[in-house]
Structure formats: structure tokens, C-alpha cells
Amino acid sequence: MAVIRDNMPAFELFQPASTDDALGLLDQYGANAWVLAGGLDTWDWLKDRVKRPSVVVDLGQIESLREIRSADAGLEIGAMAPLSEVVQHSAIREQYSLLADSAALVASPQIRNQGTLGGNLSQDTRCWYYRDGWNCYRAGGNICYADTPTAMNREHCVLEASRCVAVNPSDTAPALIALDAQMVVRNGGGERVVNASDFFVGPAVDIERMTILEPGDLLTAVRLPSTWAGARFYFEKSRDRQVWDFALGSVASAAKIAGGVIEDIRVVVNGMAPTPLRLTAVEDAVRGQQVTDQTAEQAGQIAIRGVKPLAHNGYKVSLLKNLVARSIRGSQNEV
């Protein structure tokens, strides 16, 4: 287990003034470089000495990465945009309130002032075994300590686990997948644009990563298309305390409703699987249906198909069912 030291190992600090300068540093130092955004996930890793990068690249001086601007009939949000600005931005609140609602529930006001959208999306899992330095699968070992007979696992997976049962902790991730967002990723070789649903990586693909980002990659922006602008949105986050806690489970949905009928919908949950999970079976079942309690109940029952709770997180089965049902039932207020 890691020893809590509250002091950081020595590293070389760079504060580039441009994205190109940052990419040059990441290309030069590769896996030895650590990208610093708001720093709220970073400092825990470094103070506990679980992570020991030789170089830290601080993005705080790159103003262009903080911008929120119109782009192709939608919006482009810089990865370094503070969460508090995402919450307060007029265009986001008017057209993409699902993102504003999810960002508003991240931690506390102080943390939202410092934390960034890109940091919230890229943060590592909060599994205490992994973060305390246990040599688990995710850390390169050959065991999942959270999936043993004596484990503490009330916050872990009930769906789609593969050796590792840790969950994704991001509040904004399910909202962005529901909004059909795209992630702009740059490295020394150029730029690529990735669908939000493909940005997150589960243990079946790569057990040591949570996103597609590799050494040298930099998430520079998030693009919101006009596809779901102004739709009927629903976001709910369940947590132990209504303060800065991470989610036990959350749901984000975007729906197009006409005459009380669900014409199209996207439903995404988090805290239930290793990645934010789009529930396409739920979407297919309720598309074309009237918004009723019966439709909502059907959606909840479909959502829990295939669940495999661990010793201490069986409550998540009911939580998942009810979150999804409420995301459908919430449409009744606007029918």
C-alpha cells in the first residue's frame, strides 16, 4: 500500500505558452511527461508518490485552450475551460443545458473554479486499491483487489467488468456522449477527432488506461454539434452526500419529443461500468413510444439486463433501474 507522504517527488516543470510548445514537450519527453490541467487529480498522485513523472507540463498559460466559441453551427469548448465557466456560459445553458447541469454537480464551487472540462474527462479512476498503490491489474499486476471475497467494492462495476471492476468517475462524460460530442486530440503527428463514445477505454481494450490518450497526446477541445441542441435533457447524479462526492451512479439523456412521443433519444449512465455506457437497447425500446410511467418502467427493466453485482454493490441494480426510469419519466414535464 502507498505511504501517504504529502510531499511530491522532484520533477522538472514546464509552462508552455502555446499548444504547439506543449506538444513539442510531450513529444520530447513521452511517457516521462505528465500533463497538468487544473491539478485536482494530479496533486493526489504526486503527493502520495504513486506517480513519479520526471517532467510536468502545465497548460495553465495557454489561453486558447480556455476559449468557448461557436463552430459549425455548434460550440467548441477548450479543454482548459474551467468547469464554472462551462456552467455559466449562456450558449451552453440555452442550447446544451445537459452539460451545464452535469458540470454544476462536479465536486464543490471551489473545485469547479479550478477544475477543467478536459481534466474532468481525463481523470483516472478513484478505486482506492489502485490509487493507494496496490499492484493490481490496472497498475501492471495480476489481480483485482476490489474483486476478492474480502474486498470493499460498493462503488465498483455492476456491468461489463473485465478483470478490473473500477468505474469511470467523470460527471460530464455521460452528458457529452448523450450530446454526441466529439473530442479533438492533437499530437506531434497532427490532429484527430474522436466521438465522445469512443474516447473512453474499458479494461477489455486496455486495462491500464481509461481514455484513448497515449503519451504525446493532448485533448485540446470538445465539440458540440447542433444535432441535440435545445432537446429535452435530463441529468441526475446519485451520491452518498449532496456535497463534493463522486457519483455512485449517474444518468444523462437527450430526447426529441413531439406530441408526447419519443422521436429520438440517447441515454447514458456512468458509475455502473468501466466506461460511461450508452444504453442503446433502452433507446431502441422507447423510441416511438408515448412518454408514460409504463414506458419508463420498461426502460428501467431493460437497463438492468446482464447486471453482475459484487459483494457490496447490489444496491446499484435498483439505482440503475430507477435512474434510467426517471430519465424517461422526466419527459412528462414537457409533453
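Tutor: Start with exposure. A residue is buried under 20% relative accessible area, exposed over 50%, and partly exposed in between (1.4 Å probe, protein chains only). Trp-134 is partly exposed, with a relative accessible area of 25%.

Student: What should I know about the model itself?

Tutor: It is a predicted model: local features need pLDDT of at least 70, side-chain atom pairs count only at pLDDT 80 or more, and totals for chains, interfaces and linings use all residues. Residues are numbered from 1 along each chain as its sequence is written, and side-chain values use heavy atoms, with hydrogens and water left out.

Student: How many aromatic pairs does the structure hold?

Tutor: First, the rule. Rings of Phe, Tyr and Trp (its six-membered ring) pair if their centres lie within 6.5 Å; planes under 30 degrees apart count as stacked, over 60 as edge-to-face and the rest as tilted. The structure holds seven aromatic pairs. In one of them, the rings of Trp-128 and Tyr-129 have centres 6.5 Å apart and planes at 55°, so this pair is tilted. Tyr-129 also pairs with Trp-134: the centres are 5.3 Å apart and the planes stand at 80°, so that pair is edge-to-face.

Student: Which residues do ring pairs link into a cluster?

Tutor: Trp-128, Tyr-129, Trp-134 and Tyr-145. Trp-128 is partly exposed, at 24%.

Student: Where does a charge sit over a ring?

Tutor: The test is that NZ of Lys or CZ of Arg is within 6 Å of the ring centre and within 35 degrees of the ring normal. The charged end of Lys-256 sits over the ring of Trp-228, 4.7 Å from its centre. Arg-163 lies over the face of Tyr-137, 4.9 Å from the ring centre.

Student: Now the sheets. What is the strand order in the open sheet of five strands?

Tutor: Two terms first. Helices (H or I, at least four residues) and strands (E, at least two) are DSSP runs, numbered from the N terminus. Two strands pair if DSSP finds at least two bridges between them. The order here is S4-S5-S8-S6-S7, with antiparallel pairing. Strands S4 (68-71) and S7 (190-195) are at the edges, each with a single partner strand, so one side of each has no neighbour in the sheet. Neighbouring strands of this sheet are turned by 25° against each other on average, direction ignored.

Student: How many bridges join S5 and S8?

Tutor: Four, in the antiparallel sense, between S5 (residues 74-78) and S8 (residues 218-224). Glu-76 stands opposite Arg-223 in S8.

Student: Which helix packs on this sheet?

Tutor: Contact means heavy atoms within 4.5 Å. Axes are lines fitted to C-alpha atoms, for helices over the stretch in contact, and angles run from 0 to 180 degrees between N-to-C directions. Helix H1 (residues 19-29) touches S6 and S8, and its direction makes about 135° with that of S8.

Student: What is the strand order in the open sheet of four strands?

Tutor: S9-S10-S11-S12, with antiparallel pairing. S9 and S12 (277-278) are the edge strands, each pairing on one side only. S10 and S11 pair over nine bridges. Helix H5 (residues 97-104) lies across S9 and S10, running at about 15° to S9.

Student: How do I read a helix?

Tutor: Check its span. The expected span is 1.5 Å times one less than the number of residues. Helix H13 (residues 315-329) has 15 residues and reaches 21 Å from its first C-alpha to its last, close to the 21 Å expected.

Student: Which residues of H13 are buried?

Tutor: Among them are Leu-319, Leu-320, Leu-323, Val-324 and Ile-328. An α-helix has 3.6 residues a turn, so residues three or four places apart point the same way. The cover over the buried residues of H13 includes S9, S10, S11, H11 (280-286) and H12 (293-303). Thr-295 is found in H12. Thr-295 is buried at 6%. Not counting residues up to four places away in sequence, Thr-295 touches Val-286, Gln-289, Gln-290 and Ile-328.

Student: Which residue has a positive phi although it is not a glycine?

Tutor: Asp-180 is one, at about 60°. Asp-180 sits in the loop between H9 (172-178) and S6 (182-187).
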